[in-house]
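Please walk me through this structure in plain terms. I am new to it and would like to know how some of its parts are placed.

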Amino acid sequence: MMEEKPLRVLSCGDVEGRITALFNRVNTIQKKSGQFDLLLCVGEFFGTSPEAEAEWEAYKSGAKKAPIHTYVLGATSQETVKYFPSSDGCELAENIVCLGRRGIFTGASGLQIAYVSGREAQQEPAPAHCFTAKDLTSLLTPLVSSSKFKGVDILLTSQWPRGVWQYGNNPEIDTKFCGVSSIANLAEQLKPRYHFAALEGVHYERLPYRNHVVLQENAQHVSRFIALATVNNPAKKKYLYAFNIVPMKCMDAVELVKQPQDVTENPYRKPLKEGKKYKPPPSAVDEEEPVSQFFFDLGQKKQQHHRHQQNQGAGRKRQSEGDGSSQPKQPRKPPQPTGPCWFCLASPEVEKHLVISIGTHCYMAMAKGCLTPDHVLLLPIGHYQSVVDLPSDVVEELENYKSAIRKFHKSCGRRCILFERNYRSQHLQLQVVPVPMERCSTEDIKEAFMVQAQEQQMELMEIPEHTDLKQIAPPGTPYFYVELDTGEKLFYRIKKNFPLQFGREVLASEAVLNIPTRSDWRDCKNSREEEEALTKQVRSDFQPFDFTLDD
């Protein structure tokens, strides 16, 4: 049963009555690469011109015959309703079957195809070429109510699902009015391995997306959304898509859930809202890092207190006595620092002479005790604990900063390594350390992180490039995270006793920058004059790339 022979399937966009042109193309393909099992047509199959009507007559009368089992969706406009004798499935001509208004078609092989014809109804009663919310419910309910339901092999709709491009590559159309939410909701619940749609006149193959939350749910198969153009379109956009598929029910479970390299987050799934489902382990909030380890200094007294404390052996691994542990826990909303914060830009504690650039929501500052002369931090202006707590406008500007600083370093022949430690810290600091390209490859840097994590009994997980961190680490989760210059990301969910300087230690190690004596920021302190000079230098070098100066 596992050695099931794959079915060979062709899918096609809007035919709009060019039926002979379509079948000629199919014949050419079949001559070249052998017989296909079925042809699935989405969008508008029939045309409205007199030529299109005459062409169809030849198939209806049997004068011409389809060279392949062809399944089509129902009308998407009032003008073509007349071609369909019934809104339920029926044979339209030899080898050409209309699937009907909505339903599930299961082939002899066990291949499961879910389909919805027409466009979303804007009024009641719905016109013959439209579907209603009731249609979708009656399609979904019997399927998803079964505990054995994993998904369907193929979903055919004429309209696009709204927002399918989120987290993925963008289609070549204005997405403002493209697609409907009801189809997005249907696709999210049906989890099709392939979802085909048309009507927009473009070809769009979205990157595959996953149907499970990484690290929280068991792996499930990925989904691929493919929109196809119109048959014989003058721009020669792709309208036929060929693929092989073994029905899900005949597949080995491990084989089915294999994740391709370029898989992205699910476009339909909203990130977990704050505070839902996930309770942070107590260690995440209780153990504040000794304040002197923030990059903004606190003045002599407290520093001596902490230096002394570290000499007592209470440094990294125990809860800090003194300030840290007595701070009240942070409220989630609205974010307000619970005591003095050395990173909130409005705070009197901020050492303003370290600030390089200020945007609307974020700013860039020199790292105190920097690892290299151009080691900087990206921080939100407001008080947010980690990347996953950030609202979308802050995320957007943070991404702009990341992109600008990458361009800046690339122009100087350096790779940018970013890391964040959301553990014993109360304000997000995204560390940015450049590594000269001639020092080592991205692969070497990645290996250094992996190997040194293993030595400390930590398993860094690789997370796919288009993944949203929020899906993996709901707010409150302590974690360590690295982003390489290729966009590859490594992630570790912190359990306890995480070495606070880990990211820095790896980059300072012989395998990367080879400056092991600089692995602790406390050994790299500069005088205020030196800090001012370093900040001034980076500010002037970064200026041509600083988008905040464009306004």
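H195 is buried, with a relative accessible area of 1%; buried means under 20% relative accessible area and exposed over 50%, with partly exposed in between, using a 1.4 Å probe and protein chains only. The model is predicted, so local features need pLDDT of at least 70 and side-chain atom pairs count only at pLDDT 80 or more, while totals for chains, interfaces and linings use all residues. Residues are numbered from 1 along each chain as its sequence is written, and side-chain values use heavy atoms, leaving out hydrogens and water.

H195 lies in strand β11 (residues 194–197); strands (E, at least two residues) and helices (H or I, at least four) are DSSP runs numbered from the N terminus. Leaving aside residues up to four places away in sequence, H195 touches L155, T157, P161, I183, A187, R224, F225 and I226, where contact means heavy atoms within 4.5 Å.

Helix α2 (residues 50–60) has A52, W56, A58 and Y59 as its buried residues. They cover an arc of only 150° around the axis, so they sit on the same side of α2; the arc is that of the directions from the helix axis to the C-beta atoms. The cover over these buried residues includes α1 (19–33), β4 (88–93) and β5 (96–100). Exposed P50 and K60 are on the face of α2 turned away from its buried side.

The structure holds zero disulfides, a disulfide being a pair of cysteine sulfur atoms within 2.5 Å. For C98, the closest cysteine sulfur is that of C90, and because the two sulfurs are 5.1 Å apart, they are too far for a bond.
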